[in-house]
Every structure is written in structure tokens, then in C-alpha cells.
Amino acid sequence: MKTKDVFVGGLGVYVPEKMSMETAVAEGMIDAAAAKEYDFASIAVAGETPAPDMALHAVREALHRSGKDQSALGMLLYASVWYQGPDGWCPQYYIQRHAVGGDVVAAEVRQGCMGMFSALELAAGYLMGVPERDSAVITSADNFNSPRIDRLRFSPHFPMADAGCAVVLSRTPGFARLESVNAVTLPEYEGMHRSGEPMFPPGETLGRPLNFAATKKHWMENAEQPPGGPLPIIAAQDELVTRTLEESGIGIDDVTKVAYVNGSRGRVEGRGMIPLGLPMSRSTWDFSRTIGHAGASDQFISLEHLVRTGELGPGDHFLMLGVGPGFNIACAVFSILERPSWAE
């Protein structure tokens with residue numbers, strides 16, 4: 001979707017204290033060989049801080065940095081991956097109550113680790129279609145401290161981290177402009193993240209641990225996967241990136257930095273940078289390896305870091321790629337217009 005006059009007014013993040021991988025190995029949370037394969041330096045761990053409180057912090061920071069009055073907001077979208085709080089309770093209304101207030105459309109987005117891309121696309125479409133509303137806020141946060149997930153072993157590529165992020169989008173010019181955002185689904189890969197597990201009763205009602213490594217192994221060993229292995233995924237990603245760049249009016253050589261999912265070095269390079277034809281030096285790997293895979297927040301935490309530290313400045317272009325169960329792939333391009341006042 002080519003976007004028109006959708007700007008970034010503010011960014012907010014919440015990244016808790018980090019646990020070094022050396023500590024994780026010493027405490028038996030992961031073996032040394034697996035830690036070396038990940039090549040992460042540390043993982044953000046929030047302890048008992050609720051995910052919605054991390055999102056609340058990020059939203060307040062984004063709103064403060066944007067200078068937007070709450071009355072200008074027309075939409076609040078909350079992207080979640082893991083459990084947020086009591087069963088039957090909706091975290092978006094907690095954020096609305098404590099940070100945003102009354103007359104907004106508030107909803108939760110459940111799209112796995114590319115949920116913030118879906119929220120971005122929905123919010124941008126809302127702002128373009130409802131001219132009487134100037135701004136929208138999208139946010140995400142997750143805390144993976146749970147007996148139902150082994151954060152350092154449940155996936156061969158993605159050690160799970162706790163963090164939150166928020167973005168204020170506006171039709172009023174801001175420090176960055178959203179040029180385009182797109183997504184594609186390859187439903188033939190849907191079984192990859194449930195293979196070997198009954199759909200009823202749901203695993204969460206039985207306290208069954210989540211283990212994507214096991215479901216993917218079962219899926220591959222039982223010949224359920226479509227032919228071609230990962231090639232159809234890479235081809236779909238190539239088409240998606242090409243379309244997004246064309247809608248943005250730039251080429252791949254114009255991209256200053258790329259944020260992929262915060263996975264292992266091999267996954268970021270093999271699925272992200274090599275298909276793009278770009279070196280790892282153009283990725284956010286050096287920063288993301290200090291955080292871990294923070295659900296739907298990865299790319300936006302990286303964007304905030306790059307803008308705040310000056311690694312992205314006026315005239316630069318930022319491309320973000322996301323993936324999620326489904327199998328979903330998403331891409332977005334931002335142009336940096338000016339250095340915001342809150343940058344270091």
C-alpha cells in the first residue's frame with residue numbers, strides 16, 4: 001500500500017535490564033553450543049513487569065516526543081504475541097484508560113511477530129480515510145517469563161526477549177514519513193506452527209508448553225510442507241520488497257539500514273540480507289543481538305535506536321522486514337526527514 005502524507009510524530013520504547021548470554025549458559029538456561037549458534041550478546045528480561053505496563057511506558061514516551069494532544073488521536077492498536085494479563089481482559093483499553101483517553105477506536109491485533117506491521121497498515125489506512133482524525137498510536141509489548149515457554153530453546157533461531165514499543169502516526173508532518181507498507185500470506189505453510197499438536201482442546205488450557213522447534217520438526221518429517229522448501233518464501237519476499245520499494249520511489253541501493261526480525265546471525269543474513277543483496281553492515285544486527293527477539297517490537301525498537309543515536313538522519317531510508325506464523329511476510333519503508341528534538 002502506497003501511503004500518502006502519513007508521518008511519524010514520535011517513537012517510544014521500553015527495554016528492561018539485559019541478561020548476558022554468558023549468564024544464561026552459566027545458569028543452565030542454554031548450552032554453550034546453542035548460545036554460540038545464536039551469537040547474541042544478551043537478552044532483555046523484564047522479570048515480573050507486566051507487558052501492558054511496558055507498552056504504557058512506550059506510548060507515553062511516544063506521545064510526549066510527538067507533542068500531540070490526546071484529542072487528536074483517532075485510533076489505538078495494540079499488537080500482542082504472548083499472554084498479556086487475566087483471561088478475557090483486553091490490554092488496549094488499559095492503555096486507553098491510562099495514556100490515551102476517551103474517543104478513539106481501540107483494538108488488539110493478533111498477527112504474531114509481524115503484528116506491528118499489520119497495525120501500521122491499518123492505522124495508515126485509517127488516517128488516509130478519516131481526514132477529521134489527525135493521529136493514531138500503535139503499540140506492542142510482551143513478557144515471555146512463563147513456564148509455558150522456554151525462551152532460549154523454543155526456537156532454533158529466535159531467543160525470546162521482553163520489551164515494548166510505540167509509534168505515533170500523524171497526517172501532520174513529523175520527523176519521518178511512511179512511504180509504503182505491504183504484507184503477503186503463504187497459507188500453504190500454515191501447518192508449520194501447529195504440526196503434531198491437536199487443535200482442541202487448546203494447548204494453553206492444558207498448560208502445554210509452546211515449542212516451535214518441535215512443531216516444525218514434525219511438519220518436516222511428515223512431509224506436510226509444500227515443495228521447494230524455503231524458496232517460495234524467499235520468492236514471495238523478493239516480490240514484496242520490490243513492490244514496496246517501487247511504491248516508495250527508491251531502489252535497494254538507496255536503503256540506509258535494514259531491520260529484520262531479531263534472529264540468529266545466520267537467519268538474519270540468510271533470510272534477510274543475502275536475498276536483498278546487502279551486507280550485514282547495513283543491517284541492525286549489531287544492536288539487535290543485544291536485545292533478543294522481542295515479539296512484534298523488534299524493528300521499531302531498532303528504528304528508535306537508530307534515530308535517537310543519529311545513525312539514521314535526514315535523507316536516509318529505513319526498510320523493515322517482518323515474518324510471522326501463517327506464513328506471513330511484511331515490509332515497510334520510512335524516509336527520515338529531519339532530526340527530532342529528542343535525538344541524542
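**Entry 1: Phe334.** I began with Phe334 and listed what it touches, leaving out residues up to four places away in sequence. The list holds Val8, Leu120, Arg177, Leu178, Phe300, Asp316, His317, Phe318 and Met320. I note here that the model is predicted.

**Entry 2: the cores.** I looked up where Phe334 stands in the largest nonpolar core, which has 89 residues. Phe334 is among the four that touch the most other members, together with Leu120, Leu319 and Met320. Which helix gives the most to this core? I found that α5 does, with eight residues. I also found a second, separate core of 21 residues. Ala55, Leu63, Ile95 and Ala141 are included in that second core.

**Entry 3: helix α5.** I turned to α5, which runs over residues 115–129 and has 15 residues. From its first C-alpha to its last it reaches 21 Å, close to the 21 Å expected at 1.5 Å a residue. Which residues of α5 are buried? I wrote down Gly115, Met116, Phe117, Ser118, Ala119, Leu120, Ala123, Ala124, Tyr126 and Leu127. Leu120 is on this list, and I had already met Leu120 as a contact of Phe334.

**Entry 4: the cavity.** I searched the whole structure for cavities of 30 Å³ or more, and one turned up. The volume of the largest cavity is about 40 Å³. Which residues line the largest cavity? They are Ile233, Ile234, Gln237, Tyr260, Arg271, Val323 and Phe327. Sorted by class, the lining has five nonpolar, one polar and one charged residues. Helix α8 (residues 231–248) supplies the largest share of the lining, three residues.

**Entry 5: Gln237.** I picked Gln237 from the cavity lining and placed it in helix α8. Why does Gln237 count as buried? Its relative accessibility is 3%, and buried means under 20%, so Gln237 qualifies. Leaving aside neighbours within four places in sequence, I found Gln237 in contact with Tyr260, Arg271, Gly272, Pro275, Leu321 and Ile329. Of these, Tyr260 and Arg271 also line the largest cavity.

**Entry 6: Thr284.** I then looked at a loop residue. Thr284 lies between α9 (265–276) and α10 (285–288). Is Thr284 buried or exposed? Thr284 counts as buried because its relative accessibility is 7%, again under the 20% limit. Not counting residues up to four places away in sequence, Thr284 touches Val258, Ala259, Tyr260, Ser302, Leu306 and Phe318. Tyr260 is also a contact of Gln237, and Phe318 is also a contact of Phe334.

Conventions: Residues numbered from 1 in each chain as written. Predicted model: local features only at pLDDT ≥ 70, side-chain atom pairs only at ≥ 80, totals over all residues. Heavy atoms only, no water. Helix = DSSP H or I, 4+ residues; strand = E, 2+ residues; numbered from the N terminus. Expected span 1.5 Å × (residues − 1). Buried < 20%, exposed > 50% of the residue type's maximum accessible area, 1.4 Å probe, protein only. Core = buried A, V, L, I, M, F, W, Y, C linked by side-chain atoms within 4.5 Å. Contact = heavy atoms within 4.5 Å. 1 Å grid on protein atoms, 1.4 Å probe; cavity = no way out; pocket = protein on both sides within 12 Å on 5 of 7 lines; lining within 4 Å. Points joined across faces, edges and corners; volume = space filled by probe spheres on them. Nonpolar A, V, L, I, M, F, W, Y, C, P; charged D, E, K, R; others polar.
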